[in-house]
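This report goes through one protein chain step by step, beginning with a single residue and ending with the chain as a whole. Please keep the sequence and the structure in view while reading.

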Amino acid sequence: MMPGLTVRLSESPLVLGRPAGRAGSDAESILAEVGLAGRMAELSRHWVLRTDNLPPPW
């Protein structure tokens, strides 16, 4: 095991957020942000976007 460096940011306090979501769970909102709202099913059918049957995480 190699020792790591501890980073201390005096102006940026540590803030814990929510746990990471399932892969693809934010796809609808991201598509809406780029002007592709409502096209998730079409993109999935054409293999442009995958949100199900993904490989397991590491």
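## A charged pair

How exposed is Arg 39, in terms of its relative accessible area? In this predicted model, Arg 39 has a relative accessible area of 35%, and is therefore partly exposed. Its partner in a salt bridge is Glu 42, and the closest N and O atoms of the two residues lie 3.0 Å apart. Glu 42 also counts as partly exposed, because its relative accessibility is 30%.

Side chains of opposite charge can pair when their charged atoms come close. By the rule used here, with a cut-off of 4 Å between the nitrogen and the carboxyl oxygen, the chain has a count of 1 salt bridge.

## After helix H2

Helix H2 covers residues 40–45, and Trp 47 has its place in the segment that follows this helix. The phi angle of Trp 47 is near 60 degrees, which is a positive value in a residue other than glycine. Most residues other than glycine have a negative phi. With a relative accessible area of 63%, Trp 47 is exposed.

Leaving aside residues up to four places away in sequence, Thr 51 touches Arg 22, Ala 23, Gly 24, Ala 27 and Met 40.

## The chain as a whole

The secondary structure of the chain consists of 2 helices and 0 strands. The chain exposes about 5900 Å², of which carbon and sulfur atoms supply 60%.

Note on methods:
Residues numbered from 1 in each chain as written. Predicted model: local features only at pLDDT ≥ 70, side-chain atom pairs only at ≥ 80, totals over all residues. Heavy atoms only, no water. Helix = DSSP H or I, 4+ residues; strand = E, 2+ residues; numbered from the N terminus. Areas by Shrake-Rupley, 256 points an atom, 1.4 Å probe, with all protein chains shown as cover. Salt bridge = Lys/Arg side-chain N within 4 Å of Asp/Glu carboxyl O. Buried < 20%, exposed > 50% of the residue type's maximum accessible area, 1.4 Å probe, protein only. Contact = heavy atoms within 4.5 Å.
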